[in-house]
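Work through the following exercises with the structure in view, and try each task before reading its solution.

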Amino acid sequence: MDLLLLAIGAIFVNNILLAQYLGNCPFCGVSKKLSTSIGMGVAVIFVTALASIFTWLVYYYILMPYDMVFLQTLAFILIIASLVQFVEIFLKKQSKALYNALGIYLPLITTNCAVMGIALLNIKQGFSFFEMIIFSVASAAGFALAIVLFAGLRERLMVSPVPQAMRGTAIALVTAGVMSLAFLGFYGMVQ
Amino acid sequence: MFLSVLVLSGIGFLAAVILGIAAKVFYVKEDPRIKGIMDILPGANCGGCGFAGCSACAEAIVKDEAKVNACVLGQAEVANQIAEYLGMSPMSSEPQIACPDCQGGLRAAQKYDYSGFDDCRAAMLFYHGPLHCEHGCIGLGTCVKACMFGAITMGDDSLPQFNPDLCVGCGACVEACPKGIISLLSEKTKILHWNQNTECLAPCRQKCPAQINIPKYIQHIKRGEYAQALLTIKEKNPLPVSTGRVCPEPCALACRRKINDKPVGINYLKRFVADWEMNSGQRLPVPVAPSTGKKIAIIGSGPAGLTAAFFLKRLGHDVAIFEKRSGLGGMLRYGIPEYRLPKKILDWEIDGILELGINVTTNVEFGKDITMDILRAEEYDAVFLAVGAWNERELNIEGENIEGVCGGIDFLERFHSGENVSVGKHVIIVGGGNTALDAARSSLRLGAEKVSVVYRRSRDEMPANPAEIVAAEEEGIQFRFLSAPTRIVSEDAKVSGMEVQKMELGEPDDSGRRRPVPVEGSQEIIECDMIIGAIGQYPDLDFLKQEESPDLQVTKWNTIIASEDTLQTDMPSIFTGGDCFTGPGLMVEAVAAGRYAARSIHYYITEGEIPPIGNRQREFIPESLHKILIDVAYKPRIHEPNVTLEDRMGTFKEVEGTIDEEDALYEAGRCLNCGIFCYDRDEEARKLSEEQADASA
């Protein structure tokens, strides 16, 4: 039950995009079309899960024992960056189909603050290994949900009569703000 | 402090080692050119090219799935660099440009009321689909907004106008259009395209064997854009000067204006633009793709062979034509008389095709001077047999071999080869086709005092072009319908007369024409001193009997057997088409066969397989037949200027003239610019009927 609440909390209440506002760059950049946003969402779920596992292991089995938690941020950047690179190389050889599907999104995620944020939150909240996996996947799913919803809205926006000055990113940011307010409705549902 | 540096470096080092090993273990061999092109591309990963990022685009360019100008950010400079990197000249890469499929004239504005939408896609979403026409343009100009290069503007007619000079072929408009009626087309696509049932095809376009986009070129003429009109024709037909003179206009039979009025003079217009180019003193350049290094031999230089040569050359293949006779053009030169198609004009037209860089060898006979072994030794990838139908059916009556009896094709060929052909005083021609009339009208010009055409059915069943029959009657040629020859009468081993028997029409036969039945005891003898038989032709396939010749199957009508869908014979590298495949037909059908063969040969030599055409349009699409035309006023059809009768006799001066510019613009204005379900109404007639409706309401 706790795990379910944790997942719901991560997806809706503390949505990584709309409540914490992390990962804003892909949120605006890759949300123009529904199909690309779905690709991006799936790629984020995949990378976040992997990155969280590795960073969690490094933190508890290398940094903690040697009393070097202050290196956390630096070490995590290094790990996530090389991990994504590794995954890209691996997929290209082993699973061409998956590589073609996730293709351009993988390098984009290398520098994605949502992935980094989730990795840091895992440590900050003191999750056990199992909780960490649930939280990471749920948070990334929250990201995917938000970006897909947003892309749907933007596709409609594109064919709507928007005032000239507000077209493009401007109206997108306003929309994101309204979406964020809407998600505020979940606040307090789960502590 | 030291430890922390060590740990961090350790993790970094470990990551580097793992990545290094991974790069080695999971190395994927990639075309090095992909990397090279990646370096040239701007690397913005914008997706404007339609691929998932620059690397995917580079891969597509290397695989030839995308053009060198695929990158929409880099524009010409990047395209040139990539082309240089790949070792081709930038000019040689054929650009794809956006082309609208809907020609809908004034209709878009008339038909739709969009309740304040300003975007086609919004209108589509709101109505859950198009309003009236399954095909047509909505006309709100979303493609104009989607174009980043200002290549699309909204025309006065609520239809987008495309500027090919500014279009980079990025496909943004194709993506934006909710109706899917904008497509990226290169010249290659247009050459290889064949009509499909799913397209918006005007009736004339469905009927034209060569599938020329007739409404499009007439609209160009209407706007005074003669060069574009001619290039539109040349997408499908490289012989507009000849077709404009001899084609019996199957298209006009389907013209929708015919419901209220006379059909549009489509062929007059074709002839007008073709002559416009000829008289302008310079040829319009047609794009030719870079050489593929494939070689094709074409046997026969008639309309089918010339057309196939023209399109195969434009697709980038090396083409060589082998011709048995000394002049090129086949039946156009040796069959069709000077007064219908002057040879000087024909020479000019054929020169234009040869100037693309086609090798020609004349006076070589296939099977004798040039054999399959020679062609194979010279590494030809494919052979196109277009030898026509030059053998004549015999009359099969007594006395056929007497002096003074000859065949129509034989007569015309000898005359056009420059032989001194003498005609008698009274010449009888047997047959009712174009060859019979050509022989009759030629005999008259050669000095025959009396020329009679004997045909066993009635005038309505004559297969000759109606215009030819009228002209022959004007010139004083006598017709004896419902008469069949039964015997040739001779005197001193020379023809002195022909016995004919009266016929009457019975039940319709396989061809739908009523079968003539002889009337017993109705024989009579017509006096004459020359008889020309022109009752039908079949291919001369004697070369197949030569020992080294390919082992091709032949039908009982002595035509070559090949697949109807590909024109490929039993021997995969040999293709056939035109009269030697279908039996004698129209010139425009041979042109169509030439392009169809070019399509098959192109796919065969480049990809090994010939893809079938999905939904190929074979029959008339029934929905396109309107019962009535609303708001189309009667506008008389212009007449082609004809030479007076006095001027025709004794000379081979061209009988029909070309219409002038004023007439061409008028005639083009008669075109209703039809789509499959729709057509342009006359503005005045529409206003008038609206006023009347208002008044009665």
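This is a predicted model: local features need pLDDT of at least 70, side-chain atom pairs count only at pLDDT 80 or more; totals for chains, interfaces and linings use all residues.

**Exercise 1.** Describe which elements and which kinds of residue make up the side of chain A that touches chain B.

*Solution.* Begin with the elements: those giving two or more residues to this side of chain A are α3 (34-63), α4 (72-94) and α8 (129-158) of chain A. Of these, α4(A) supplies the largest share, with 12 residues. Taken over both partners, the contact draws 24 residues from chain A and 25 residues from chain B. Finally, the area buried between the two chains is about 2100 Å², and carbon and sulfur atoms give 77% of that area.

**Exercise 2.** Locate the nonpolar surface patch of about 830 Å² and name the elements that give two or more residues to it.

*Solution.* The residues that make the patch are A:L57, A:Y61, A:I62, A:Y66, A:F129, B:F2, B:L3 and B:L6. The elements giving two or more residues to the patch are α3 of chain A and α1 (2-25) of chain B, and B:L3 lies in the latter helix, α1 of chain B.

**Exercise 3.** State where B:E187 and B:K190 lie and how their side chains meet.

*Solution.* Over all chains, a search of the whole structure finds 34 salt bridges. The side chains of B:E187 and B:K190 meet in a salt bridge, at 3.6 Å from N to O. Because they are three residues apart in helix α9 (residues 187-192) of chain B, B:E187 and B:K190 are separated by about one helical turn.

How values were computed: Residues are numbered from 1 along each chain as its sequence is written. Chains are lettered from A and ligands numbered from 1 in the order in which they are written. Side-chain values use heavy atoms; hydrogens and water are left out. Contact means heavy atoms within 4.5 Å. Buried area is the accessible area (1.4 Å probe) that two parts lose on being put together, summed over both. Helices (H or I, at least four residues) and strands (E, at least two) are DSSP runs, numbered from the N terminus. Ala, Val, Leu, Ile, Met, Phe, Trp, Tyr, Cys and Pro count as nonpolar, Asp, Glu, Lys and Arg as charged, and the others, Gly among them, as polar. Patches are made of residues with over 30% relative accessible area and no salt bridge: like charges are joined within 9 Å, nonpolar side chains (Val, Leu, Ile, Met, Phe, Trp, Tyr) within 5 Å. Accessible areas come from the Shrake-Rupley method with a 1.4 Å probe; for residues, only the protein chains shown count as cover. A salt bridge is a side-chain nitrogen of Lys or Arg within 4 Å of a carboxyl oxygen of Asp or Glu.
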